[in-house]
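Trainee: I would like to go through this model term by term and hear what stands behind each label. Could we begin once it is on the screen?

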Amino acid sequence: MAEQQEQAAPDAMMTRIGQAVMLHHAGDREEARGRFLDLWGEIGEGGDALHRCTLAHYMADTQDDPADELAWDLRALAAAEELTDDRIAEPRQSLAVRAIYPSLHLNLAADYVKLGRSESARTHLRRARGAVGVLGDDRYGDGVRAAIGRLELRLEDTGTPAETGGPDRFGGPGGETLGPPRQRP
C-alpha cells in the first residue's frame, strides 16, 4: 500500500503540472505562471528532478523577460541531468526523458538568440541536433526538428534576431515559432 502511495504522489504532481500547462495553452499565461510558482515552492530546489525538469521546462514559456526564460530553461536542463536510472527505470519514462533533450537545448538556443548571444545559441543548436535521434516520427518530433532547422537557418542567414532587430522565438518570419512545440507532461 505504501508503495502505491509513493507512486501516486509523483503522478499527482505531474497531473497538477499538466493542469497548469493546459491553462497556459488555453491562453491564461498569468494564472499558469502563478500555479507553476506555487508548484515550484512545493517541489523545491532539491525536489524530484523529473518534476523540476518538467515544471521549469514549461515555466520558461510563461516568462516576459528573456533572461528569466533562460534561467528557467537552464533549471530544466540541470534537473534533466540529475535524473537517476531509478527515477526513470521504466523504459517508456527513460525514452521520454531522452526525448526532452532536443527541446531543452532548442529552447536554450532560442533564449540565447533573444539575448543576442549567437555563439551560445549555436552551441545549444548543435546539441539539439545531436539529440534528435531519439525523437519519434510524429507531430512532436517533426515539430522539434523543424524548429531546429528554422533557427539554424536564422542564425546562418541573418545572424540573431537581437542583432538584426528581427522577431523573437514567438514571431519568426512568416509567423512560425523558433522554439519547439511542448510535449504534454
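Trainee: Where is E45 placed, and which residues is E45 in contact with beyond its neighbours within four places in sequence?

Mentor: E45 sits in the loop between α2 and α3, where helices (H or I, at least four residues) and strands (E, at least two) are DSSP runs numbered from the N terminus. Contact means heavy atoms within 4.5 Å, and, leaving aside neighbours within four places in sequence, E45 is in contact with W40, R52 and R75. The C-alpha atoms of E45 and R75 are separated by 9.2 Å, although the two residues are 30 apart along the chain.

Trainee: What makes L135 buried or exposed?

Mentor: The relative accessibility of L135 is 8%, so L135 counts as buried. L135 lies in the loop between α6 (118-131) and α7 (139-158), and, not counting residues up to four places away in sequence, L135 touches A99, P102, Y140, G141, V144 and R145. L135 and I100, which are 35 residues apart in sequence, have C-alpha atoms 8.6 Å apart in space.

Trainee: Why are D28 and R29 placed in the class they have on that scale?

Mentor: D28 has a relative accessible area of 35% and is therefore partly exposed, and R29, at 28% relative accessibility, counts as partly exposed too. D28 is in the loop between α1 (2-25) and α2, whereas R29 is in helix α2. Leaving aside neighbours within four places in sequence, R29 is in contact with H24, D61, T62, Q63 and D64. The C-alpha atoms of R29 and Q63, 34 residues apart along the chain, are separated by 8.9 Å, and those of D28 and T62, also 34 residues apart, by 9.6 Å.

Trainee: How do you know whether α3 is roughly parallel or antiparallel to α4?

Mentor: The axes of helix α3 (residues 49-59) and helix α4 (residues 66-82) come within 8 Å and cross at roughly 155 degrees. Axes are lines fitted to C-alpha atoms, for helices over the stretch in contact, and angles run from 0 to 180 degrees between N-to-C directions. Angles under 35 degrees count as roughly parallel, over 145 as roughly antiparallel, 65 to 115 as roughly perpendicular and the rest as oblique, so α3 is roughly antiparallel to α4.

Trainee: What are the residues of the contact of α3 with α4, divided by type?

Mentor: On the α3 side are residues including R52, L55 and H57, and on the α4 side residues including W72, D73 and R75. The residues of this contact divide into nine nonpolar, one polar and four charged, where Ala, Val, Leu, Ile, Met, Phe, Trp, Tyr, Cys and Pro count as nonpolar, Asp, Glu, Lys and Arg as charged, and the others, Gly among them, as polar.

Trainee: What makes the relation of α2 to α3 roughly antiparallel or parallel?

Mentor: α2 and α3 pack at an angle of about 155 degrees, with their axes 10 Å apart, and that angle makes α2 roughly antiparallel to α3. Among the residues making the contact are F36, L37 and W40 of α2 and L55, A56 and Y58 of α3. These contact residues divide into nine nonpolar, one polar and two charged.

Trainee: Where in the protein is confidence lowest, and where is it highest?

Mentor: Confidence, given as pLDDT from 0 to 100 for each residue, is lowest in helix α8 (residues 161-164), at a mean of 44, and highest in helix α2 (residues 29-43), at 97. Over residues 160-177 pLDDT stays under 50, although the model has 46 contacts for them beyond four places in sequence. Where pLDDT is low, the predicted coordinates should not be read in detail.

Definitions and conventions:
Residues numbered from 1 in each chain as written. Predicted model: local features only at pLDDT ≥ 70, side-chain atom pairs only at ≥ 80, totals over all residues. Heavy atoms only, no water. Buried < 20%, exposed > 50% of the residue type's maximum accessible area, 1.4 Å probe, protein only. pLDDT = per-residue confidence, 0-100.
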